[in-house]
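Hi everyone, thanks for coming.

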Amino acid sequence: MRARFTEAMKEAMRAGDKPRLATVRLIQAALKDKDIEARGAGRGEASEEEILAMLQKMIKQRQESAEIYEKGGRPELAEQERGEIAVIASFLPQLMDEAEVGAAIDAAIAETGAAGIKDMGKVIGALKAKYAGRMDFAKASAMVKAKLAG
């Protein structure tokens, strides 16, 4: 994945695509911070799962910013945030569809032996371990809650 970031940066430089270049540089800066954090914890470099989680967090931050800009009457800034979201999302694996998410949730519930809402954390933890970057966990949480509630 790290090589993809470097290659994307080179391509953006060659193409003169300044918005994409700036976004890829933001990703690389966040990755360096993540690596420093991992080294501080004695783990070396950040894992693929941590990188995927970082990218998802960056997308979520930009979605929130875009909403705030829209409400504040700044559509040009909201559009810039959406452009960054598109660049960041291009590095994520394809998201699972609703049927696949449902099947994964059923498997995780069976695997963890979850019986009720109090076991929701176990199920979400199992899903995050297996499907980082491939699932929208906000939607998945609601589905898990509904299945565990009955």
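The largest pocket holds about 600 Å³ of space. By pocket I mean an open set of points on a 1 Å grid over the protein atoms alone, where a 1.4 Å probe fits, with protein on both sides within 12 Å along at least five of seven lines. The volume is the space filled by probe spheres set on those points, which are joined across faces, edges and corners.

Please keep in mind that this is a predicted model: local features need pLDDT of at least 70 and side-chain atom pairs count only at pLDDT 80 or more, while totals for chains, interfaces and linings use all residues. Residues are numbered from 1 along each chain as its sequence is written, and side-chain values use heavy atoms, leaving out hydrogens and water.

Back to our pocket. Lining residues have an atom within 4 Å of a point. Which element gives the largest share of this lining? That is α3, with seven residues. Helices here are DSSP runs of H or I with at least four residues, numbered from the N terminus. By class, the lining has eleven nonpolar, three polar and five charged residues. Charged means Asp, Glu, Lys and Arg; nonpolar means Ala, Val, Leu, Ile, Met, Phe, Trp, Tyr, Cys and Pro; the others, Gly among them, are polar.

Now the second largest pocket, at about 150 Å³. Its lining includes Leu95, Val101, Arg134 and Met143. Two elements, α5 (98-112) and α7, each give two or more residues, and α7 gives the most, three. Here we find six nonpolar and five charged residues, but no polar ones.
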